[in-house]
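Thanks for making time this morning. I will go through a few local features of one chain, residue by residue. Please have the sequence and the view open.

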Amino acid sequence: MSWFIEVLKKYAVFSGRARRKEYWMFALFAGIIYVVFAVLGVVTKQSWLVFLPVVAFLLPGLAVTARRLHDTGRSGWWILFQFVPIAGPITLFVFSVLDSEPGDNKYGPNPKAFAPAHV
């Protein structure tokens, strides 16, 4: 959960790099929260509840995705590639599971080099 909180603290930070763990832990907890709100929306017949986490996590999600792309040596503008049917989302998924570029790159130092010990 601490990885999720870290992403929320850096909700509008598009510079730097994000490790795979940071990206995927955010995706996991955001997904769980989406499901909870979707179920609540269905149970209470309040469909607008589904959109609360979408709005809340839009900017942090874009920021962590841009930082994840930076970690693989790509520009954050690759996020726009998701709008290309079929190939776009698959390509971004592949980029998100690739390992970090070793050492420093033009987006900053490797976050694995001085990663905090999260439990």
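I start with Ile86, which is exposed because its relative accessibility is 68%, over the 50% cut-off. This residue sits in the loop between H3 and helix H4, the latter covering 87-97. Its phi is positive, about 60°, although Ile86 is not a glycine. Keep in mind that this is a predicted model.

There is another residue of this kind. Lys45 also is not glycine, and its phi is positive, near 60°. Its place is the loop between H2 and H3. With a relative accessibility of 74%, Lys45 is exposed.

Now the aromatics. How many aromatic pairs does a search of the whole structure find? The count is 9. Take Tyr23 and Trp24: their ring centres are 5.0 Å apart and the planes meet at 90°, so this pair is edge-to-face. Is Tyr23 buried or exposed? Tyr23 is buried, at 16% relative accessible area, while Trp24 is partly exposed at 33%.

The next pair is Phe26 with Phe57. It is edge-to-face too, with 6.0 Å from centre to centre and 80° between the planes. Phe26 is buried at 6% relative accessibility, and Phe57 is buried at 10%. Both also belong to one aromatic cluster, together with Phe4, Phe29 and Tyr34.

One further ring deserves a look. Arg74 lies over the face of Phe95, 3.8 Å from the ring centre.

Last, Asp71. Which helix holds it? Asp71 is in helix H3. Its relative accessibility is 0%, so Asp71 counts as buried, the cut-off being under 20%. What does its side chain contact? There is a polar contact of 2.6 Å with the side chain of Arg68, and another of 2.4 Å with the side chain of Ser100. Leaving aside residues up to four places away in sequence, Asp71 touches Arg17, Ala18, Arg19, Ser100, Glu101, Asn105, Asn110 and Pro111.

Conventions
Residues numbered from 1 in each chain as written. Predicted model: local features only at pLDDT ≥ 70, side-chain atom pairs only at ≥ 80, totals over all residues. Heavy atoms only, no water. Phe/Tyr/Trp six-rings, centres within 6.5 Å; stacked < 30°, edge-to-face > 60°. Buried < 20%, exposed > 50% of the residue type's maximum accessible area, 1.4 Å probe, protein only. Lys NZ or Arg CZ within 6 Å of the ring centre and 35° of its normal. Helix = DSSP H or I, 4+ residues; strand = E, 2+ residues; numbered from the N terminus. Polar contact = N/O pair within 3.5 Å; in protein donor to acceptor, adjacent residues only side chain to side chain. Contact = heavy atoms within 4.5 Å.
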